[in-house]
Each structure stands twice: as C-alpha cells, then as structure tokens.
Amino acid sequence: GSSGINAESGGAILLIYLPDSTTTSNNPTSGETSEKSSWRWDMLLNSFMFVICLSYFILTFGLIAMSTWGQMLFMEKLGIDTLHAGFMISVYEVGGFCGSTASGFLADFVAKNFKTKGSARSYSCVLCAGIACVSIAGIQYLSPNLLGAKVCAFGSGFGFYGTMAMYGLLTREYVAKEHAGTLTAVMGVCSQLGGFCAGVPFAKFSQKHSLEEGFNLVACMMPVAFCSLCVLMFIDGKYKRKTE
C-alpha cells in the first residue's frame with residue numbers, strides 16, 4: 001500500500017542522500033592520513049541491523065496473517081459461525097492490548113532492577129515472542145476446543161503486539177540517535193514486506209495447499225524470530241560511530 005511505498009522511499013532517500021561525514025586522522029609521526037568508513041556502512045554491517053529486521057519481518061507477517069486470515073482459520077478448525085469467529089479476533093486484539101502494556105512495564109522493570117549485557121528491552125521481546133510461538137503452534141494443534149482456541153488467540157495477540165511494541169526503543173538503544181531515523185525507515189521496509197507477504201503470497205500458498213498449512217508456515221517461521229531476538233540479549237553495547 002501507500003505506507004509501504006512511503007517507507008521504502010524514505011529509507012532509500014535517507015540512506016542514499018544523507019551526506020557522509022568521514023573523519024580524517026593525521027599521524028604526526030608518519031604523516032599518513034586514514035579515512036574512516038562512512039557511518040552508513042557501519043550501520044548496515046551492524047549485527048543488530050540484520051537481527052532486528054529479520055525478526056520484524058517475521059513478526060509482521062504473522063501478525064497480519066492472523067488479523068487477516070485468523071477468522072477463516074477459526075471457522076474451518078472449530079466449525080463456528082462468523083460471529084463467534086469474529087469474537088476470536090477480538091480476543092486476539094485484547095491480547096495485543098495486554099501484551100503491549102505488559103511488555104513495556106516488564107522492560108522498565110528489568111532495566112531498573114537488573115544489570116544486563118544486552119538491552120533490557122530485549123528480554124521483554126524474547127518473552128513475548130516465546131508466548132507467540134507457543135500460541136500459534138497451539139492454534140494449529142487444537143482439537144475443536146473453543147476455550148483452548150480463546151487462550152491461544154489471546155496469547156498470540158499478547159506475543160505479537162507485545163514484542164513489536166518494543167522495537168522503537170530497541171532501535172534507540174542499539175543505534176546512535178542521529179541514525180535512528182534511517183534504521184526505522186529500513187525496518188519499515190521489512191515490516192511492509194512482511195505485511196505484503198501476508199496478503200497475496202499467503203493467499204496463493206493457502207489456495208494451493210490449505211489455510212491450515214499457511215498457518216503451519218507461520219508457526220515454523222516464529223522460532224526463527226524468537227532465536228533472532230535471543231541474540232539481542234548477548235549483543236553488548238550500543239552502535240557508536242567511530243571517531244578516533
């Protein structure tokens with residue numbers, strides 16, 4: 001959609017047209033001059049960049065797939081009517097509200113009371129992503145059990161929205177603030193790509209196989225996002241542009 005075009009355009013403009021501020025250091029003994037690499041390439045080669053974009057793509061794919069196709073999945077698996085299936089999506093969104101709120105409180109609690117190697121917010125993301133993994137898998141292996149479906153729908157919303165609520169803070173903690181806009185734009189591209197894949201590609205895959213197989217694909221991708229976020233707990237320190 002238009003938001004995807006805006007994100008991609010913004011990322012390209014920021015990445016290409018922002019001026020390089022290369023630093024030059026003179027060696028007083030040898031007279032040699034060394035030129036530092038641009039901040040842009042330092043940022044693109046930052047391990048955090050790949051981890052956060054991969055996980056963001058997968059989480060957006062799962063979140064949009066659940067919001068868009070979840071109602072049909074519940075109707076097929078549980079044999080319920082449209083009204084009850086719509087209620088399940090409302091439960092999913094209530095879970096998202098609770099997850100976003102709890103994720104923020106938990107992240108601040110960890111940051112305040114514990115000394116961590118990586119970002120304190122990454123621990124909150126890992127917990128919520130783990131809940132999303134278990135919940136999506138649970139939906140796939142449910143017998144026609146309405147109560148279990150409600151719990152899994154709530155857990156899916158809690159996990160997806162709770163994880164994504166922390167991405168802005170993670171960006172600020174791992175990337176220098178003057179470059180956070182560029183990374184946010186790149187993340188926006190990954191997010192929109194995930195949303196796009198949850199549309200026509202997901203529909204074509206589900207048409208060829210089945211809707212249940214489509215959500216099996218989501219369930220298989222979620223552990224990758226979970227493991228990617230686990231890496232953040234061990235990435236030490238912020239990105240800092242080298243000036244010496």
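Modeller: First a term: helices (H or I, at least four residues) and strands (E, at least two) are DSSP runs, numbered from the N terminus. Keep in mind that this is a predicted model.

Colleague: Fine. How many helices and strands in the protein chain?

Modeller: The protein chain has ten helices and two strands. Read from the N terminus, the order is α-β-β-α-α-α-α-α-α-α-α-α.

Colleague: And how much of the protein chain is buried?

Modeller: Of its 244 residues, 46% are buried. As for contacts in the protein chain with a separation of 6 or more, 77% come from residues 24 or more positions apart.

Colleague: On to helix packing. How do you describe two packed helices?

Modeller: You give the angle between their axes and the distance between the axes.

Colleague: Then what are those values for H4 and H6?

Modeller: Helix H4 covers residues 82-113 and helix H6 covers residues 146-164; their axes come within 6 Å and cross at roughly 40°. That angle makes H4 oblique to H6. The crossing is right-handed.

Colleague: What sort of residues are in that contact, by class?

Modeller: The contact of H4 with H6 has 14 nonpolar, eight polar and two charged residues.

Colleague: What about H9 and H10, at what angle do they cross?

Modeller: Roughly 125°, with the axes of H9 (residues 200-208) and H10 (residues 211-232) coming within 7 Å. H9 and H10 are therefore oblique to each other. H9 passes H10 in a right-handed crossing.

Colleague: Which residues meet there, between H9 and H10?

Modeller: From H9, Phe202, Phe205 and Ser206; from H10, Leu211, Glu213, Gly214, Phe215, Leu217 and Val218. By class, that contact divides into six nonpolar, two polar and one charged.

Colleague: Is Cys133 buried or exposed?

Modeller: Cys133 counts as buried, at 14% relative accessibility.

Colleague: And Cys220, buried or exposed?

Modeller: Cys220 is exposed, because its relative accessible area is 58% and the cut-off for exposed is over 50%.

Colleague: Next, Thr116. Where is it?

Modeller: Thr116 is in the loop between H4 and helix H5 (120-140). With a relative accessible area of 23%, Thr116 is partly exposed.

Colleague: What does Thr116 touch?

Modeller: Not counting residues up to four places away in sequence, Thr116 touches Val110 and Tyr123. There is also Phe234, 118 residues apart from Thr116 along the chain, with the two C-alpha atoms separated by 8.8 Å.

Colleague: Last one. Which helix is Ser191 found in?

Modeller: Ser191 is in helix H8, which covers residues 180-197.

Colleague: Why does Ser191 count as buried?

Modeller: Because its relative accessibility is 13%, and buried means under 20%. Leaving aside neighbours within four places in sequence, Ser191 is in contact with Tyr56 and Thr60.

Colleague: Thanks, that covers my list.

Terms used
Residues are numbered from 1 along each chain as its sequence is written. This is a predicted model: local features need pLDDT of at least 70, side-chain atom pairs count only at pLDDT 80 or more; totals for chains, interfaces and linings use all residues. Side-chain values use heavy atoms; hydrogens and water are left out. Axes are lines fitted to C-alpha atoms, for helices over the stretch in contact, and angles run from 0 to 180 degrees between N-to-C directions. Angles under 35 degrees count as roughly parallel, over 145 as roughly antiparallel, 65 to 115 as roughly perpendicular and the rest as oblique. A crossing is left-handed if the near helix is turned anticlockwise from the far one by less than a right angle, and right-handed if clockwise. Ala, Val, Leu, Ile, Met, Phe, Trp, Tyr, Cys and Pro count as nonpolar, Asp, Glu, Lys and Arg as charged, and the others, Gly among them, as polar. Buried means under 20% relative accessible area, exposed over 50%, partly exposed in between (1.4 Å probe, protein chains only). Contact means heavy atoms within 4.5 Å.
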